[in-house]
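Dear colleague,

My notes on what was found follow below it.

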Amino acid sequence: MSDLPIFADEPWILPSRGRIAMWSLIVAESAIFSLFVVAYIYYIGRDQFGPTPSVLDRPILNTVCLLSSSLTIWIAERAIEQGRMRRFAIFWAITILLGLKFIIGTITEFRTLINRDGLTIDANLFGTTFYSLVGLHATHVLVGLVGLSLILAFTLFGKVNRSHAERIQVFSMYWHFVDAVWVVVFTVVYIVGK
Amino acid sequence: MSDQTIPVSGSLQAAYPERGTLLEWLHGWIVTVDHKKLGILYITYALFFLLVGGVEAMLIRIQLMVPHNHVISPEMYDELFTMHGTTMVFLVGMPILFGFANYLVPIMIGARDMAFPRLNAFSFWLTAFGGLLLYYSFLGGFGLYGMGNAPDVGWFAYAPLTGKSFSPGHNMDYWALALIVSGFGTVGTAINIIATTVSLRCKGMTFFRMPLFVWLLLVVSALTLVTITPLTAAQVMLLLDRYLGAHFFDAQAGGSPMLWIHFFWIFGHPEVYVLVLPAFAIANEVIPVFSRKAIFGYPAMVAASVGIGFTSLAVWAHHMFTVGMSSAGNSFFVISTMVVGIFTGIKVFNWLATMWGGSITFSTPMLFCTGFLFQFLIAGLTGIMLAVAPWDWQLHNSYFLIAHFHYVLVGAIIMCIFAGFYYWFPKATGRMMSETLGKWHFWVFIIGFHMSFDTMHFVGLLGMPRSIYTYEPNRGWDTLNLIITIGAFVQAVGVLIFVWNLVHAYFRGKLAGPDPWDAWTLEWATPSPPPAYNFAVEPEVRSRRPLWDIKHPNDPDWKYEQ
């Protein structure tokens, strides 16, 4: 009986609800991505006509940009935790630029594939699965960019301070997730499937 | 130490707001972010669609009452069974269970609201408008060119029937978009429930002191995250096929309709557990209270629930034994399906052990839970039969299958939902539902249930396939089908008694007081109905039955629990 917890003086600390919610969202999103990845793998090499994955160029620079944005956002996260707001704003802005570069790269890639190789979403199974998988990821990057830009705008207006560190970090988890998914997409589409 | 008790917040009288004008009252419900009001909204919404889905079922049964019947057209019949299935799963089953979760999870863990109240409201309205969008297809399904028509390809919407060439018009688009919209709402609520349960528990509410209701809803929400999303993904693919000419499920371009079947059941089977686990959760609360015993085997119940959650992700292809998988594939899914039987077996035995030796009062909630135990056992046994691949080859898509899953959905889930209504209605409204009407409801409904669904097994064994518009006389199905239809009417009478009981109790029911059942979980420590803030002072708990500890200071649970 005496070894039962006594609550008056015992700390009662629970995990942050934002982090738990973001982890849950990441699990849900992973399930969506898995289905598109499965569809892509299932249909590799089943086409009777139209362009094949050999028309793809590996987007190395894009990949470097997106993956390094994970690093810059991490530096920004640490900066806001320590209250260094200038540093936070600078690295947050760099993250946005890197993300923008990625999106522009993807747009260029799609344009080339459509105009040079005639690969459209209704061309064949490769077109169908390629555009839906890579497009799904690019959509997530776009959503992330909108969120990042909003936070940057609030920062420039001086509305973001050290007390928001937790929320900033929760949002950054989404960006890290989008980057991690790219590793999977890149591996499946540009290495295994090519 | 022993003077530390939960502050029963009834001491602080809730200041009830004055009833304003009708417009103010309506506005209050629409802009609310209170988890209790949203819970009630969910439940009311689901009850409305329960009646709609019920009417659809009645029309189907009237059509099948006698051979060569032509009460409704074949096209209408296809729409009705599609809409009946879709409605009951997406617009009744999930909203009603999330409604209970919304109302109860925060109170049971001693919190003042959900983790994200505005996300909660947003999710509800997404679900609500998803449902309306689905039903709008009756008017707008064929666009501007003619009469509307509803989705008519079965609730599993197998490819290639859903392709542009076989389903022109917009009915499939309504189906996919409506379910994507309500699916987002569902995922939002699931995230909310997980965050609430993990991060908002009151002092002392460790994971192993949470009521089993909360545990099961946590498992359900986690399962929802990986269950609803595959359906969303597959429906996005379907829309890409229909609008942009993609080829995911288009066999002519090398696409595979099999992919849809897999994707659909990767959603579809865990979905069954998403629906049934909250029903178990209700039984977990009701059975101990009316047996006057703590739940038997709490850790085993938790383990079995988590086990069901994981196993349910690996059984989907038992819906697909007849599509021609390899025998290794068949064997795997036979075995994994049997494993689910072990976990549910653990649960059934624990409920029985809870009742064993208890001083049972058969109030209406307990009656429904007892009915649930009996019917769920039979549903589980026919489930095991259908899990055997050769047996399934014989009876797949026959009325035997229909009987099996209606035994689960009606015999187990709806029964538990009724139990939940009778049990928590006094908490939500402050008034008791009539016991006399409740007993009438129970007996009428259960007699109708067995007339309908027991008989369905036999027509199934006699070879009647599902989804047929009508049938030839003298195949031995005539009398049985008539009995099924009469049973459906008897059930409808039962449901009407229930609805009357609800309405009557809301206005005229006798006052309940905070704790009419002498129960043990935290929701009964608040006044009925609870004030917006739930608890005036944040409670602290020391055992699984905090109210027992207060009521029996000389014999508290925390002395014995590990």
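**Chain B: overall build**

Chain B contains 15 helices and 0 strands. Its radius of gyration is 24 Å, close to the 24 Å that the globule rule gives for 562 residues, so chain B is as compact as a globular protein of that length. Please bear in mind throughout that this is a predicted model. The C-alpha trace of chain B extends over about 75 × 50 × 45 Å along its principal axes, and buried residues account for 54% of the 562 residues. Among the contacts in chain B with a separation of 6 or more, 82% are between residues 24 or more positions apart.

**The nonpolar core**

The largest nonpolar core has 215 residues, of which Cys416(B) and Ala419(B) touch the most other members. Helix 12 of chain B, residues 399–429, gives the most to this core, namely 22 residues. If neighbours within four places in sequence are left aside, Cys416(B) is in contact with Ala279(B), Ile282(B), Ala283(B), Phe368(B), Cys369(B) and Phe372(B).

Most residues other than glycine have a negative phi, and most peptide bonds are trans.

The bond from Ala159(B) to Pro160(B) is cis, with omega near 0°, and Pro160(B) sits in the loop between helix 4 (117–140) and helix 5 (171–199) of chain B. Ser528(B) and Pro529(B) are likewise joined by a cis peptide bond, with omega about -10°, and Pro529(B) is placed in the loop between helix 14 and helix 15 (546–551) of chain B.

The other two concern phi. Asn397(B), which is not glycine, has a positive phi near 55°; this residue belongs to the loop between helix 11 (389–395) and helix 12 of chain B, and it counts as partly exposed because it has 13 C-beta neighbours inside 10 Å. Ser467(B) also has a positive phi, near 60°, and lies in the loop between helix 13 and helix 14 of chain B, where its 13 C-beta neighbours inside 10 Å make it partly exposed.

The loop between helix 13 (435–461) and helix 14 (478–508) of chain B also holds Leu462(B), a residue that counts as partly exposed because it has 14 C-beta neighbours inside 10 Å. Apart from its neighbours within four places in sequence, Leu462(B) is in contact with Gly476(B) and Trp477(B). The C-alpha atoms of Leu462(B) and Leu395(B) are separated by 9.6 Å, although the two residues are 67 residues apart along the chain.

**Where the chains meet**

The contact between the chains draws 31 residues from chain A and 36 residues from chain B. On the side of chain A that touches chain B, helix 1 (17–42) and helix 4 (125–156) of chain A each supply at least two residues, and helix 1 of chain A provides the largest share, 13 residues. Sorted by class, this side of chain A has 21 nonpolar, 6 polar and 4 charged residues.

**Confidence in chain A**

The average pLDDT of chain A is 93, and 95% of the residues score at least 70.

With best regards

Note on methods: Residues numbered from 1 in each chain as written. Chains lettered and ligands numbered in written order. Predicted model: local features only at pLDDT ≥ 70, side-chain atom pairs only at ≥ 80, totals over all residues. Contact = placed C-beta atoms within 7 Å. Helix = DSSP H or I, 4+ residues; strand = E, 2+ residues; numbered from the N terminus. Nonpolar A, V, L, I, M, F, W, Y, C, P; charged D, E, K, R; others polar. Buried ≥ 20, exposed ≤ 12 C-beta atoms within 10 Å, placed from the backbone. Rg over C-alpha atoms; globule rule 2.2 N^0.38 Å. Core = buried A, V, L, I, M, F, W, Y, C linked by C-beta atoms within 7 Å. pLDDT = per-residue confidence, 0-100.
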